[in-house]
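I opened a new model today and kept notes as I went. Here is what I looked up.

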Amino acid sequence: MERFVRQTILPQLGEEGQRKLWEARVLVVGCGALGTHTAEALLRAGVGHLILVDRDLVEVHNLHRVSLFTPEDVGKPKAEVCAEKLRKIWPDAEIVSYVAHFGPELAEELVPKVDLVMDGLDNLETRYLLNDACVKYEKPWIYTAVLATYGMTMPILPGKGPCLRCLFPNPPAPGTVPTCAQAGILGPVPKALAAIQAATAIAILVGSGEVRPGELLYVDLWQRRFQTVQVQRGRDCPTCVARDFQFLREISRSAVLCGDAVQILPRKGGSLDLVALAERLGKLGKAVVKNGLLFAEIEGVSFTVFPDGRALVKGVSDPNRAQALYDQFISR
Ligand SMILES: [Zn+2]
């Protein structure tokens with residue numbers, strides 16, 4: 001308890017609140033800047049159980065905004081790097097990491113197990129899925145998004161206020177919403193929004209009645225502007241009124257564009273013998289197993305293969321072509 005003494009003297013927490021944090025289970029979806037800063041803030045505050053999910057690897061262009069990542073982490077799975085560093089910060093906490101795509105199956109598996117879900121995502125499509133799962137299992141979650149110099153955040157308490165689909169009724173057409181890769185991101189922005197959503201999370205976990213469901217906070221750090229808007233519940237919201245969880249139902253597409261790579265999901269579960277695969281692929285081009293991942297380059301196309309069979313294919317822009325190459329080289 002000595003570790004948390006500056007926090008337990010806060011009347012909002014006390015030892016009782018601190019105990020609630022220790023018992024809490026929180027899922028953080030996405031371990032980029034937003035997710036890792038959120039996870040670190042919650043861990044340091046004393047949240048005892050964290051589940052981290054991210055499918056990507058640390059890249060050199062993440063380093064300008066992610067405090068936990070250092071140059072030697074480049075090429076390693078983000079979720080594992082984050083978990084490893086958090087364990088060093090507070091070894092008593094339980095931290096579980098999933099290097100995996102957050103699809104309907106994983107959402108159905110993880111969301112019912114936790115008390116609260118935190119947004120560390122970089123795309124709206126997965127947020128709709130997360131919203132479906134949280135409304136279905138009546139789990140509070142905090143929506144937070146960042147871009148360029150600004151960000152916004154809103155606590156979603158199913159049954160007590162609006163959900164994400166009350167705010168954005170329909171998913172935007174693919175390619176119409178800019179990403180951080182296109183619009184850029186100011187380094188301190190995700191850290192500021194992560195701090196705000198972590199503080200809201202602590203208030204929810206200790207049972208403070210002061211969290212206002214559906215209060216959307218907009219922050220622009222460049223203009224030093226903070227604004228709040230109260231979002232209303234949609235009278236005919238398909239998710240939280242009709243309880244039609246279409247994003248959980250949709251079978252995730254096997255091949256999706258993911259930055260400058262095409263991601264291929266395996267058709268069946270199980271794990272790949274990456275060393276044996278590297279030996280086979282080495283005869284066709286270059287192949288090496290490093291940090292538990294297989295990196296191969298064949299005919300100008302590069303493959304990063306994960307032990308669960310998932311692969312990132314770079315050098316082709318057509319998902320069908322990437323799927324064909326995957327079938328030809330990886331899953332045979
Ligand atoms: Zn709704």
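Among contacts in the protein between residues at least 6 apart in sequence, what percentage join residues at least 24 apart? I looked this up and got 65%. I note that the model is a predicted one.

**Entry: overall build**

I went through the secondary structure next. I found twelve helices and 14 strands. Then I checked the radius of gyration, which is 20 Å. The globule rule gives 20 Å for 332 residues, so the protein is as compact as a globular protein of that length. I also looked up the span of the C-alpha trace along its principal axes. I wrote down about 65 × 50 × 40 Å.

**Entry: inside and surface**

How many of the 332 residues count as buried? I got 51%. For the accessible surface of the protein I noted about 16300 Å². Carbon and sulfur atoms hold 53% of that surface.

**Entry: charges**

I looked up the charged side chains. I have 38 positive and 37 negative ones in my notes. The centres of the two sets lie 1 Å apart. Then I turned to salt bridges, and the count came to eleven. I took a few of them one by one.

**Entry: arginine 25 and glutamate 94**

I started with the salt bridge between arginine 25 and glutamate 94. Their closest N and O atoms are 3.5 Å apart. Which parts does this pair tie together? Arginine 25 sits in strand S1 (residues 25-29), and glutamate 94 sits in strand S3 (residues 94-98), so the bridge ties together parts that are 69 residues apart in sequence. I checked the exposure of both ends. Arginine 25 is partly exposed, at a relative accessible area of 36%. Glutamate 94 is partly exposed too, at 38%.

**Entry: lysine 113 and glutamate 109**

Next I looked at lysine 113, which forms a salt bridge with glutamate 109. The closest N and O atoms of this pair are 3.9 Å apart. The cut-off for a salt bridge is within 4 Å, so this pair counts. Lysine 113 has 48% relative accessibility and counts as partly exposed. Glutamate 109 is partly exposed, with a relative accessible area of 38%.

**Entry: two more looks**

I looked up glutamate 215 and arginine 212. Their side chains meet in a salt bridge at 2.9 Å, N to O. Last, I asked which residues are linked in a network of salt bridges. I found Glu16, Arg19 and Glu23 linked in this way.

Definitions and conventions:
Residues are numbered from 1 along each chain as its sequence is written. This is a predicted model: local features need pLDDT of at least 70, side-chain atom pairs count only at pLDDT 80 or more; totals for chains, interfaces and linings use all residues. Side-chain values use heavy atoms; hydrogens and water are left out. Helices (H or I, at least four residues) and strands (E, at least two) are DSSP runs, numbered from the N terminus. The radius of gyration is taken over C-alpha atoms; the globule rule is 2.2 Å times the number of residues to the power 0.38. Buried means under 20% relative accessible area, exposed over 50%, partly exposed in between (1.4 Å probe, protein chains only). Contact means heavy atoms within 4.5 Å. Accessible areas come from the Shrake-Rupley method with a 1.4 Å probe; for residues, only the protein chains shown count as cover. Lys and Arg count as positive and Asp and Glu as negative; His and the chain ends are not counted. The place of a charge is taken as NZ of Lys, CZ of Arg, CG of Asp or CD of Glu.
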